[in-house]
Amino acid sequence: MPLWLIKSDGLVHLVADQVPRTKAEDSFGMVPACLLDSLGSRSFCHDHGVQYAYVGGSMAKGISSVAMVKALGEAGMLGFFGSAGLSFDQVEAAIDELQQHRPDIPFGVNLIHSPTEPELEKALVELYLRRGIHLIEASAFLGLTLPLVRYRTHGIHRDEHGCVVAPNRIIAKVSREEVAARFFEPPAEKLLQQLVAAGDLTKEQAHLAGHIPMAQDVTAEADSGGHTDNRPALSLFPTLLAQKDQMQQHYDYPQPLRIGLGGGIATPASAAAAFAMGADYLVTGTVNQACVESGTCDAVRQMLAETRQADITMAPSGDMFEMGVKVQVVKRGTMFAIRAHKLYELYRAYESIDALPTAEREKIEKTFFKVPLDTVWQQTQSYFQVRDPRQVEKALNDPKYKMALVFRWYLGQTPVWANQGIADRKIDYQIWCGPAMGAFNEWVKGSFLEPPAARKVVPVAYNILFGAAVLQRVRLLKQQWGTYRVDPKIATPLPLEQIKEFLC
């Protein structure tokens, strides 16, 4: 409800709307109500069937789990299942469970760019189309790909009013202006013509595709966990916001473009700042991994609960190893980052496994892999014979690529060991994490959310939104009456039941 600033008996009081006021002139300021569902874009909420402009972003290897997606959906928020790095069967099983749970609950599934495995990207798109998945979060894309354009344009048509309707939506997660531009624009004509030639689009549909953006919603991904460019939110978001406005003016889309912010959203202050900058929605990730619904283990959740802002670092990425792409991970309590960097140095310095110095090879076999590299190659070969036989063929003809696949075995297994809580591999855990985790831990210290076992994704989300609403009202109060004192615990986490009492 609205709050009024009133002078009475020489004192200033902050009173609720229904409190009687004897003299109108005694009121000299008002702080309007700030509902949680008024934060962000109402059109975003309407289009995606949610109550709050709050998104639980996808985290690979099923870390953003089915349980997490369900919990967010039931609370009126949007969750994405983290399909990256999982087998085709695991992704389909997750879709089965989500679609059978409650048809009215909104959710999406991740599609991560796979430059070394384009057939996997294509197969996942085919799966999503076949299973009626109408919303994906596209992540780590360096540009548009044919499968991505096929997903977006599949089923495009005009409705009875002549409006162009694209049933499939994409929320693109980007950290570079040139990539954002590709998603703000209509699908590339060259790719559309390839789809027409392949029989996946009609000429009429290709024409209609020129009237829609690749993604109506683009997330500015700042300093996040996992794949990141470590971009500061305060510079990245305003840049992409201005770009979005320019693109909307140029193309004049009937449904305006929207932009959200992810990376660093972990406290009420960061959420309030994002909304103040103009974010249409928020995307959280790292803080959700620390919640009990995440697809990781208790040991990792404990490590995350102890993480400070300085306890993170960059390490080579498993899926884009040869390209030198890096991910942000926890460095405290694990040697993964050091060992991953060592493997990348060896890859850059030598042309094959056989060219490795004997001492170096023995060291990594004993401490990193804990099995001979020949055994690792046998396992890798068996894996790709099922997943993508062309990878094996390429490796047999290119010793350096074979070495890359073997080294990627380690980078691919380390998050699995972490998620499964393999105790004797704890020193090798790869835990994707951004500095937001440290900020979250500092915020919840001394509250009911401090113990790892008490962290649940919905109470965390509500507290971030509720705290942001409170801080927004505090700022309005400050603008009208600069001399006041605010309890430093004003945005301290509250139990969900208490927040709901306030909202009622």
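Histidine 113 is found in the loop that runs between strand E6 (108–112) and helix H4 (118–130), where helices (H or I, at least four residues) and strands (E, at least two) are DSSP runs numbered from the N terminus. The model is predicted, so local features need pLDDT of at least 70 and side-chain atom pairs count only at pLDDT 80 or more, while totals for chains, interfaces and linings use all residues. Residues are numbered from 1 along each chain as its sequence is written, and side-chain values use heavy atoms, with hydrogens and water left out.

Because its relative accessibility is 11%, histidine 113 counts as buried; buried means under 20% relative accessible area, exposed over 50%, and partly exposed in between, with a 1.4 Å probe and protein chains only. Its side chain makes a polar contact of 3.1 Å with the side chain of glutamate 121, a polar contact being a pair of N or O atoms within 3.5 Å of which, within protein, one must be able to donate a hydrogen and the other to accept it, and for which residues adjacent in sequence count only if both atoms are side-chain atoms. Leaving out residues up to four places away in sequence, histidine 113 touches Glu121, Ser139, Ala140, Phe141, Leu142, Thr145 and Met320, where contact means heavy atoms within 4.5 Å.

Serine 224 also belongs to a loop, the one between strand E11 (217–221) and strand E12 (226–227), and at 9% relative accessibility serine 224 counts as buried. The side chain of serine 224 makes a polar contact with that of glutamate 221, at 2.8 Å. When neighbours within four places in sequence are set aside, serine 224 is in contact with Gly263, Gln328, Cys433 and Gly434.

Cysteine 433, one of those contacts, is itself buried at 0% relative accessibility. Its sulfur is 13 Å from the closest cysteine sulfur, in cysteine 291, which is too far for a bond. The structure holds zero disulfides, a disulfide being a pair of cysteine sulfur atoms within 2.5 Å. Cysteine 297 is accordingly in no disulfide, and the cysteine sulfur nearest to it, that of cysteine 433, is 14 Å away.

Turning to the aromatic rings, the count comes to 15 aromatic pairs, under a rule by which rings of Phe, Tyr and Trp (its six-membered ring) pair if their centres lie within 6.5 Å, with planes under 30 degrees apart counted as stacked, over 60 as edge-to-face and the rest as tilted. Tyrosine 251 and tyrosine 253 form a stacked pair, with 5.4 Å from centre to centre and 15 degrees between the planes. Tyrosine 251 is partly exposed at 29% relative accessibility, whereas tyrosine 253 is buried, with a relative accessible area of 4%. Elsewhere, ring pairs link Phe336, Phe368, Phe369, Phe407, Trp409, Tyr410 and Trp417 into a cluster.

Helix H7 (residues 189–197) has Leu191, Leu192, Leu195 and Val196 as its buried residues. Seen down the helix axis, these residues fall within an arc of 145 degrees, so they line one face of H7; the arc is that of the directions from the helix axis to the C-beta atoms. The buried residues of H7 pack against helix H5 (146–153) and helix H8 (203–209), while the face turned away from the buried side carries the exposed residues Lys190 and Ala197. After H7 comes glycine 199, whose phi is positive, near 85 degrees.
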